[in-house]
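Dear colleague,

Please find below the structure that I am handing over to you.

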Amino acid sequence: MKTIILSLSLVFSLASFIAHAEELKAKKLENVEFLSISYTDFKPGKADRAMEIIRDHYFPASKKAGTQVPYIVQLHSGEWDMITAWKLKDGYSSMEWELTEDGVKWMSAFMKQEGKEKSKEIRDEFNSLIQRSSHVIGYHPTDIKE
């Protein structure tokens, strides 16, 4: 009896799916801007030094390279110290790259600005300030009116 009920349930579920499948159409997201968002928790007492490195070293390199400066939010509550967001100008396909063209431009400008050895020291120091981090990809609609 259980087998008959289970079989009928499966048939009705499939029939419903097939009926709706004819109505389904592929649909690409429109009027959205994709973002790469990082959450960062710094080691205790290290957030100020991290922001100093970002402000005094990373941002100037971005400006010299002509690459985007990320949007940064310093948090006063919750489990994270900072949120950093970058626009993904090519949407999800931006994630196909191990190192993007903008990444190469930025690294070249950073090494020229600081020198090869000093740039590595600064990056290593910044990374040593991080307790943990998390990364997500998302989007927001660009056609919302104020």
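**Aromatic pairs**

The structure holds 8 aromatic pairs, a pair being two rings of Phe, Tyr or Trp (its six-membered ring) with centres within 6.5 Å; planes under 30 degrees apart count as stacked, over 60 as edge-to-face and the rest as tilted. This is a predicted model, in which local features need pLDDT of at least 70 and side-chain atom pairs count only at pLDDT 80 or more, while totals for chains, interfaces and linings use all residues. Residues are numbered from 1 along each chain as its sequence is written, and side-chain values use heavy atoms, with hydrogens and water left out.

The pair of Tyr58 and Phe110 is edge-to-face, because the ring centres are 5.5 Å apart and the planes stand at 75°. Tyr58 belongs to helix α2 (residues 47-65) and Phe110 to helix α3 (residues 101-114), so the pair ties together parts that are 52 residues apart in sequence. Helices (H or I, at least four residues) and strands (E, at least two) are DSSP runs, numbered from the N terminus.

Phe110 also pairs with Trp106, and this pair is stacked, at 4.8 Å centre to centre and 15° between the planes. Both residues lie in helix α3, 4 residues apart, about one turn of the helix. Trp106 is buried at 17% relative accessible area, and Phe110 is buried at 0%; buried means under 20%, exposed over 50% and partly exposed in between (1.4 Å probe, protein chains only). Tyr58 is likewise buried. Phe42, Tyr58, Trp106, Phe110 and Phe126 form one aromatic cluster.

**Largest pocket**

The lining of the largest pocket comprises 37 residues, and Ser36, Trp86, Thr100, Gly103 and Trp106 lie nearest its centre. A pocket is an open set of points on a 1 Å grid over the protein atoms alone where a 1.4 Å probe fits, with protein on both sides within 12 Å along at least five of seven lines; lining residues have an atom within 4 Å of a point. Helix α3 supplies the largest share of this lining, 5 residues.

**Thr84**

Thr84 is found in strand β3 and is buried, with a relative accessible area of 5%. Beyond its neighbours within four places in sequence, Thr84 is in contact (heavy atoms within 4.5 Å) with Ser36, Ile37, Ser38, Pro70, Tyr71 and Ile72.

Yours sincerely
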